Structure formats: structure tokens, C-alpha cells
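Me: I have a structure open and would like to learn how to read its features. Please take me through them one at a time.

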Amino acid sequence: MVTRQLPNPSELLELMQFKKPELNGRKRRLDAALTVSDLRAIAKRRTPKAAFDYTDGAAEAELSLARARQAFEDIEFHPGILKPAPSVDTSIEILGGPSALPFGIAPTGFTRLMQTEGESAGASAAGAAGIPFTLSTLGTTSIEDVKAANPNGRNWFQLYVMRDRDISYGLATRAAEAGFDTLMFTVDTPVAGARLRDKRNGFAIPPQLTIGTIINAIPRPWWWIDFLTTPKLEFASLSTTGGTVGELLNSAMDPTISYEDLEIIRGIWPGKIVVKGVQNVEDSVKLVDLGVDGIVLSNHGGRQLDRAPIPFHLLPQVVREVGKDATVMIDTGIMNGADIVASVALGAKFTLVGRAYLYGLMAGGREGVDRMIEILRTEIERTMKLLGVSTLAELEPKHVTQLQRLVPVAQPSARRAPARSKTAPAAASVKR
Ligand SMILES: Cc1cc2nc3c(=O)[nH]c(=O)nc-3n(C[C@H](O)[C@H](O)[C@H](O)COP(=O)(O)O)c2cc1C
């Protein structure tokens, strides 16, 4: 039997503690975003379709990106019990300097297209959080302006070696003079991947006004107001003749770049050199043997060769072959701090986030990037505490199992690993 009574007015009043409404719309929106996927949803609402799709999309059927994200979802964590980790240290030493978190901001081209604050927002947010920011050769903010936005933090420069070598090397020299400490040489772009969304949207640089874009602009006035009232949207370091990003890449990129270019770059760059876009064990071993300071296992966020290997699947095998002292980094598909923790556990020294950053930027400029970093930080810290580890160094392969979904029929042979090539498929070898 339930005993009933008249409601007590003072208890009722206690229940009616309404939260003060947040009048700042940007803050309200960002506070409500609990995950990077939430930031993506806000970004989609606020950004014109062509710009959002340029960011969100990948090459061809976008299988590489979907598989990379799936690979992060298909893991099992193994926590230790009764190992108190009341506070965790997420800081790490990477490429000769500190980072407060085990991730940095990946290089992205044409960033002011997504939101007018562009690279300056990314660089200043990264500086405030104590993580590195990478400026792309195809950036829309100059090397010097990025330095001004992040004067005391770490800036890295991503280099595309273009047909006109003088332009590329000139940019590298400028970045070195501005105090950028690391050069990231991207090698997975001999030609542009087929970004079909851009083709279908008729996306061009600079953006063109068509009936479609005007209709699409109606519910997104702020993007357009920003676009029309801020400095012209253009590549900060390159001059262009217009076209889609793919057409621009094809006219600028040199499909004949080779190890010789790496040697030349090493001759002109005084700081650390990282090769980005490494996609197999053999190349990883060769680059580490050549003495590069780091490699990034990446398929360019699935924007180049569709159905390319999943970097997170390659990771354990590469780490095993190059040795755990080599600086192996990883990107593509990271949407959650737990993805980063899993990567570190499997041997990555560092990770990069591309779209997660851009979703934050589109959702709310600088504050949106701050929010993205905060979300990933919270997820990293919580995952570490739940695993019972207090430092990143304590993370080990035993903390993560990669579950098998795609099993290769046959494993291509890899240098230094002849025995494995005949018997065990790659995905099986990464299952612990
Ligand atoms: C919109 C966009 C532009 C990009 N531009 C560049 C670039 O100019 N140079 C480069 O090396 N990588 C570029 N990338 C790839 C990123 O550096 C990174 O490898 C990728 O975004 C990682 O995958 P994620 O987006 O799933 O984090 C770009 C990625 C995106 C999404």
C-alpha cells in the first residue's frame, strides 16, 4: 500500500530550481555538445552544404573513412582493477617538445572556408591547450599570422612538394624562420583523390554563388555574413586560378615526388621532419632506417585512395617492426578521446585530429575548437582512469583488443616479417 500525502510547498519550491538561461548563443550551443559527433551536428546546421561536405566528405565511396572510424569502435578495453588513478597525467614529450595531451591539430587546407576564424582559431586554441598546431601548405592564414595567433606554443608546418619546387622550399624556409619546429612532409597526394561530394555540389574555390548556394544560404546567414565581411578567402601561400580543390591539387602537386625530395627537404629544414601518409610496414621501416624523426600512419582521412589500409589496424604491426622507440603517429577517423587512448596503448607516440577540429571550428570558431579539445581531454582522462592508469606511459597493448571485422584474404609480404606473411593475416596478427 502506498501512503499518500499532500505535497509540501517548500519541497515543491526546492524542485523548481530553474537553471539561469545562457544568453550567449554560441556558449549555449557549445556547452550542449557532449561529443565530437554533437559538434558535427551543430557544424552541419550552421555551414553551407558545399563547405560542410568538403570537410566531412572523403574520396569515392568514402569507405576508408567509414572503416577507420569503425576500427576505433571495434575495440575492447581491458581495465585493471583496484589500481587507483585519482589523477591522470596526459602530457607527453613529442618530437623534442612537450604536449599537454597526446594529440595535435592536423593540417587542413582551406580552413577559413569552414568558418572565418580558420587557422588562427585552431592555432590559438592549440596554444592555449598546450598542444601542437599544424598549418597546411594549402592554409588560408599565412605562416606569420599563425605564429602571431600562437606565439608561445608549438607550430608545425605541413609541406606539399609541388611542381614548382621553389615555392615549396620557400614556404619551408619561411616556416623555419617563423620558429615552426617540425615539418610534416605529406606523401599520399601524388594526385587528388576523387572527392565526389565536391563535384556533385559544384564546389569551387573561390566559392561561387549559384541559385542552389543562395537557397542553401537562407538558414545559414552568419556564415555568409562572415564570408562577405572578412578578408578574401584565398590560399595564404599560393596563387590559384580557380576550380575544385581536386583540380587545384592536380595542377600543383607533383606525381613524381620521391625519396630524393625527402633528402632535399632534410637539407633545408633545421628542425624535426615527419613523413605523413605512410601506409605500410615496408615504407615505415625504410623511413625509420633513413633517420626521419617520425612517421604518421595516415590515409589522409580517407580523402585520397579509397579502400586504403586502416591506419589503426597497421599500427601494432608497424610498431613491432620499427621498434617502440621510433616516433609512430597516427590519424584518420579519431572522433573520441578513447580512440586516442587506444592508439597510445597500441604504440602510437602521438595522434592528429583533422575533422574533429574542423567540426569544432564550424560549430563555434575559436570557442568551438576549445570545446573540441575539452571534450577529447575529458574522454582521454576518463578512459585512463577507468583503465586504472595514471600516465600515458602506463598504457600497453594489453589494455586493448582490436576486434576483427574485415579479415584480409592474404597478407602482402613485409620486410623483416617474412614468417608472418604466409601464415597469419594482418587483422589476426593485431588481435591480442
Ligand atoms: C578538410 C580537410 C583538409 C585537409 N587538408 C590537408 C592538407 O592540406 N594537407 C595534409 O597533409 N592533410 C590534409 N588533410 C588530412 C588531415 O591532415 C588528416 O590526415 C585527416 O583529416 C585525419 O583524419 P580525420 O579527419 O578523420 O581526423 C585534410 C583533411 C580534411 C578533413
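Me: Which residues are linked in a network of salt bridges?

Reply: First, a note on what you see: this is a predicted model, where local features need pLDDT of at least 70 and side-chain atom pairs count only at pLDDT 80 or more, while totals for chains, interfaces and linings use all residues. Residues are numbered from 1 along each chain as its sequence is written, and side-chain values use heavy atoms, with hydrogens and water left out. Now the idea: a salt bridge is a side-chain nitrogen of Lys or Arg within 4 Å of a carboxyl oxygen of Asp or Glu. Here the network links Arg 40, Lys 49, Asp 53, Asp 56, Glu 62 and Arg 197. The structure as a whole holds 17 salt bridges.

Me: Where do Asp 53 and Lys 49 lie?

Reply: Helices (H or I, at least four residues) and strands (E, at least two) are DSSP runs, numbered from the N terminus. Asp 53 and Lys 49 both sit in helix H4, four residues apart, about one turn of the helix. Their side chains meet in a salt bridge of 2.8 Å, N to O.

Me: Which parts does the pair of Asp 53 and Arg 197 tie together?

Reply: Asp 53 and Arg 197 form a salt bridge at 2.9 Å, N to O. Asp 53 is in helix H4 and Arg 197 in helix H10, so this pair ties together parts that are 144 residues apart in sequence. Arg 197 also bridges to Asp 56, with the closest N and O atoms 3.2 Å apart. That pair links helix H4 to helix H10 as well, across 141 residues.

Me: Is Asp 53 buried or exposed?

Reply: Read the relative accessible area: under 20% is buried, over 50% is exposed, and in between is partly exposed (1.4 Å probe, protein chains only). Asp 53 has 8%, so Asp 53 counts as buried. Asp 56 is buried too, at 3%. Lys 49 is partly exposed at 42%, and Arg 197 is partly exposed at 22%.

Me: How many aromatic pairs does a search of the whole structure find?

Reply: Rings of Phe, Tyr and Trp (its six-membered ring) pair if their centres lie within 6.5 Å; planes under 30 degrees apart are stacked, over 60 edge-to-face, and the rest tilted. The search finds ten pairs. Take Tyr 54 and Phe 203: their centres are 5.2 Å apart and their planes at 35°, so the pair is tilted. Tyr 54 lies in helix H4 and Phe 203 in the loop between helix H10 and helix H11, so parts 149 residues apart in sequence are tied together. Both Tyr 54 and Phe 203 are buried.

Me: What lies over the face of Tyr 54?

Reply: A charge sits over a ring if NZ of Lys or CZ of Arg is within 6 Å of the ring centre and within 35 degrees of the ring normal. Arg 303 lies over Tyr 54, at 5.0 Å from the ring centre. Lys 286 lies over the face of Tyr 259, at 4.0 Å from the ring centre.

Me: Which backbone atoms lie 2.7 Å from an oxygen atom of the ligand?

Reply: Look for polar contacts: pairs of N or O atoms within 3.5 Å; within protein, one must be able to donate a hydrogen and the other to accept it, and residues adjacent in sequence count only if both atoms are side-chain atoms. A backbone N or O atom of Gly 333 is at 2.7 Å from a ligand oxygen. A backbone N or O atom of Arg 355 is 2.8 Å from an oxygen atom of the ligand.
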